[in-house]
Amino acid sequence: MILSDQRQMSLAHASALRARAETLPPDGPPLPLILDSWARCMESGLDIAAVPDVQVVDAADLARRRDHSEFVRRLARAELETLSKQIAGSNFLLAFADHEGVILDLYADNRFSMNASGANIVTGSRWGEGLCGTNGLGTALSTGRAVAVTGLEHYFLKLGDISCTAAPVRDAAGDIVGVLDASSYFESRQRHTFALVQMASTQIENALFVHQMRVHTVLAIHPRAEYLRTLSAGLLAFDEQGRLQALNASATRLLAGLDVIGGASFEALFGEPFAHVLARLHRSHEATLRDMLGSSLVATVVARPPLRRQPHPLATPRVAAVRSTPIAATSAPDFLAADPDVAQACRLVAAAVRMNVPILIHGETGTGKEMLARYAHSMSGRQGAFVAVNCGALPDGLFEAELFGYVGGAFTGARREGSIGLIASADRGTLLLDELHALPRPVQAALLRFLDDWLVRPVGGTTSRRVDVQLLAATNFDLDDAEQSQPMREDLLYRLNTVKVSLPPLRRRQDFADAVHRVLHGIAAQATIDAAAILLLAGHRWPGNFRELRAVLTRALLASQADDAESAIQVGHIEPLTGATARASGPALQRSVADLVQREFERCERSVSRTARALGISRTTVYRHLRATPSRR
């Protein structure tokens with residue numbers, strides 16, 4: 001009888017899906033892709049009329065996943081910010097999920113997030129096809145290709161009012177490490193979203209490729225030289241002996257028919273020794289190649305392996321990068337600390353973690369508070385995990401349970417197996433309480449008790465466990481302000497404020513040019529920027545600090561790649577981004593640049609050397625612009 005019921009249900013589902021298939025728009029995705037997905041959903045026993053069973057991982061699991069995917073998340077967040085501006089006004093939701101379909105980051109228009117379909121699209125939610133049926137994110141993971149799922153193409157009828165476009169993100173080995181998704185109301189979808197999401201995915205993959213292959217020589221190839229610095233270029237990584245280590249999807253297409261397995265020699269692919277081509281590329285930025293099937297290609301060097309005495313060189317052929325003096329015993333990989341105030345903050349946290357005392361990091365949004373916290377973790381030498389908790393993102397009612405854990409069945413909706421909590425998951429490691437100002441008053445009391453004895457007792461439990469964590473807190477608020485929405489207990493503030501460090505805003509950092517080069521290098525290792533463009537950027541107030549700078553440089557880089565005549569970021573590529581200053585040209589541009597140099601000169605206490613270092617230009621250039629400014633004394 002049970003088998004009969006199941007068969008009748010399957011036949012009913014098949015009939016309903018067949019009827020829906022006849023209504024699919026002719027300009028939609030390939031019909032087999034949707035039908036194959038529906039078939040997989042039917043085989044999983046999903047009921048098309050049911051509400052999707054959207055599961056949400058707990059905060060500790062989400063923190064571990066975010067930490068595991070930290071570098072690709074950084075790349076993805078920059079792309080999400082860019083996409084949010086490109087599809088603004090379409091009631092959108094943008095997401096980046098890991099390889100299991102768990103959403104790690106979200107950018108949502110409030111109008112979409114209040115919609116019934118979007119209610120369960122939250123950070124930590126799972127959107128794999130086996131749970132949520134045919135949907136952009138889950139189906140992109142299942143098929144390994146970019147997909148668009150519109151309206152009733154979703155398996156579940158409850159999702160029929162939204163449109164999803166998603167593209168997987170692969171690493172240098174070709175493995176899927178995440179997926180980008182753009183969703184909107186069905187009626188407000190935009191036809192160009194599919195192309196934008198694919199471009200964003202490729203941008204992430206290329207940057208990730210260069211990062212993962214940073215110990216090798218990475219070449220870009222294309223049949224036409226003007227496309228070498230675009231997303232259509234192929235990327236190839238070779239070791240010192242000229243053996244192929246990895247290639248991206250574009251390179252695979254360009255070298256179709258050749259044996260491009262790992263370890264293949266450069267000479268077997270292109271008919272000449274690797275060293276000879278490197279010598280030609282050393283003399284010229286580009287070299288012509290002919291593969292073993294007779295196809296002509298142009299190649300350029302995207303990244304070279306680091307020199308032994310310069311482990312982190314920045315390739316900036318058009319504008320020499322400022323070489324920062326290393327800070328003894330405080331420099332950490334990928335952490336820029338050439339500014340004296342930042343260097344002092346590094347020294348202070350390095351000393352504090354050796355004493356295992358709480359540290360409070362203060363700074364405007366986007367100044368790098370979490371990066372400094374990660375630096376503190378690396379300097380501590382602790383073997384446990386780095387766990388960052390966003391106090392502003394946890395639901396008020398479950399705040400204590402997420403921090404301290406809970407036993408199974410402690411409250412309605414609790415997981416049957418319980419949860420160890422975020423604090424215990426950081427045992428022998430580092431715990432960062434970000435956005436500390438959002439910590440609810442009742443949880444402040446519980447945290448104070450924890451700081452007294454370092455014992456954690458889960459909600460609903462009767463026993464405690466001792467944990468060993470390095471505690472850091474971060475905020476952009478004045479915690480002494482009693483008027484804030486969640487005023488801090490003075491006794492807790494005294495404990496957390498044992499060591500306080502402040503990060504300067506980007507507009508006041510003396511290593512601004514270094515910051516521009518570092519952020520740009522993180523977006524695309526081969527990218528360069530003109531000195532005048534850096535000067536114009538230096539005149540912006542940067543209320544969003546490094547987050548805003550990354551978004552601005554990402555958009556400027558895309559603009560420069562669309563310009564066949566010039567690959568470096570120029571003033572013209574920044575025109576829409578920095579206001580009236582960047583719109584200047586000719587004599588007006590010269591006056592604007594001179595004014596910027598003058599302002600930086602005054603900020604640097606009229607030191608020509610410091611001004612040159614801050615702006616990434618020579619002292620001669622500083623003198624020339626100062627002479628052009630009547631206000632100079």
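Student: Which residues lie nearest the centre of the second largest cavity?

Tutor: I121, W127, C164, D181 and S183, out of 13 lining residues. Bear in mind that this is a predicted model, where local features need pLDDT of at least 70, side-chain atom pairs count only at pLDDT 80 or more, and totals for chains, interfaces and linings use all residues. Residues are numbered from 1 along each chain as its sequence is written, and side-chain values use heavy atoms, with hydrogens and water left out.

Student: What makes something a cavity, and what makes a residue part of the lining?

Tutor: On a 1 Å grid over the protein atoms alone, a cavity is a set of points where a 1.4 Å probe fits but cannot get out, and a lining residue has an atom within 4 Å of a point. The whole structure has five cavities of 30 Å³ or more. A volume here is the space filled by probe spheres set on the points, which are joined across faces, edges and corners.

Student: Which helix gives the largest share of the largest cavity's lining?

Tutor: Helix 8 (residues 193-212), with four residues. Helices here are DSSP runs of H or I, at least four residues long, and strands are runs of E, at least two, numbered from the N terminus. The whole lining has 17 residues, with N206, L235, A524, Q526 and Q561 nearest the centre.

Student: Why is helix 4 called roughly perpendicular to helix 20?

Tutor: Their axes, lines fitted to C-alpha atoms over the stretch in contact, get an angle on a 0 to 180 degree scale between N-to-C directions. For helix 4 (residues 70-86) and helix 20 (residues 545-561), the axes cross at roughly 70° and come within 9 Å. Angles of 65 to 115 count as roughly perpendicular, under 35 as roughly parallel, over 145 as roughly antiparallel, and the rest as oblique. So helix 4 is roughly perpendicular to helix 20.

Student: Which residues of helix 4 and helix 20 make that contact?

Tutor: With contact meaning heavy atoms within 4.5 Å, they include R74, E79 and K85 of helix 4 and R547, R550 and R555 of helix 20. By class, the contact has three nonpolar, two polar and seven charged residues. Asp, Glu, Lys and Arg count as charged; Ala, Val, Leu, Ile, Met, Phe, Trp, Tyr, Cys and Pro as nonpolar; the others, Gly among them, as polar.

Student: What are the axes of helix 18 and helix 19 doing?

Tutor: Helix 18 (residues 512-523) and helix 19 (residues 531-538) have axes that come within 10 Å and cross at roughly 115°. That makes helix 18 roughly perpendicular to helix 19. The contact residues there divide into six nonpolar, one polar and no charged.

Key. 1 Å grid on protein atoms, 1.4 Å probe; cavity = no way out; pocket = protein on both sides within 12 Å on 5 of 7 lines; lining within 4 Å.
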